[in-house]
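Subject: Structure handover

Hello,

The structure is below, followed by notes on what was found in it.

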Amino acid sequence: MGQYLNAVLSRNYEILTLYNENIGNCQGFNSARVDILDHRCMSEVFQAFSPDAVVHTAAVSNSEKAARMPESKVLAVNVEATKVIAALCHKFNAKMIYTSTDLVYDGRCGVMLKEDAPLNPVTLYAETKLLGEEALKSETSDYIILRTALLYGMGLCHAKCHFQQMYESLKEGKPVRLFYDQYRTPLSLSDAASVIEALIRKDIPPQVINFGGKERISRYGLGSILCEEAGISKPLLRAISMDEVLKSKGVKDVSMDTSKLSMLGIERKTIRDSVRDSLNL
């Protein structure tokens, strides 16, 4: 998503995009290589650029990867660095936009969850993203927390999300296993960047916002739409139960009510239209 943000935000704003190990498309924009764990360096970046808004997307953002890493490292990246960035936002009077995750919700308590629904992160990744929410609220009063749904689309440069990996496997005639019993409200990468740009333009009070699409769908359902739009044989899809793979760490349903975005006048494309657009990139 960060690379989509570079392209969208640079149209109307002076941006400084930060990267660490993977430069991606940052070389095409005003950029700097920064380790967000280097707190002195982060302070110097704020001092030099003096931002009006900061979109904080950097994280250990994969549940499986987080589970393999030392817990202290995941906490340092997802919580401690977030707290430092929030304190710098407060110091420099910048609005902070933080991407959290829909996985902070209790995935077994209902459907189309509102922002005040029960929380129950069951993975280290989700737990640290929720702790990141709490850390930033302790340091700044000018923020937007975006509980981000499953993102899909084609990556730019080095990055690939599960959707693209699925597409490439299907194009090669390889079968793909997808959950039929886990539900999300997915959002395309392109729409995600456009929504964040719209939120930056709006003067809204501090709040948590469900950041997703309007349609509740399983991963298998998303794969079916992809096959239909790409002209790929559906029998390559294998429907499996989430419980077969994730067991106690599984989250059955974190589909979100995203009406806050609609009330702010921010619309998103349908999944089918977004999949079609992704295939035409």
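Helix α4 lies across β3 and β4, running at about 160 degrees to β4. Here contact means heavy atoms within 4.5 Å, and axes are lines fitted to C-alpha atoms, for helices over the stretch in contact, with angles from 0 to 180 degrees between N-to-C directions. Helices (H or I, at least four residues) and strands (E, at least two) are DSSP runs, numbered from the N terminus.

This is a predicted model: local features need pLDDT of at least 70, side-chain atom pairs count only at pLDDT 80 or more, and totals for chains, interfaces and linings use all residues. Residues are numbered from 1 along each chain as its sequence is written, and side-chain values use heavy atoms, with hydrogens and water left out.

The α4 helix bends by about 30 degrees at Val 77; the bend is the angle between axes fitted to the seven residues ending there and the seven starting there. Val 77 is also one of the buried residues of α4, which include Ile 85 and Leu 88 (buried: under 20% relative accessible area, 1.4 Å probe, protein chains only). Among the elements covering the buried residues are α2 (39-49) and α5 (124-139). After α4 comes Asn 93, with a positive phi near 60 degrees.

The open sheet has four strands in the order β3-β4-β5-β10, with parallel pairing (two strands pair if DSSP finds at least two bridges between them). Its edge strands are β3 and β10 (207-211). β5 (residues 143-148) and β10 are joined by five bridges, and Thr 148 has Phe 211 of β10 as its bridge partner.

Regards

Note on methods. Buried means under 20% relative accessible area, exposed over 50%, partly exposed in between (1.4 Å probe, protein chains only).
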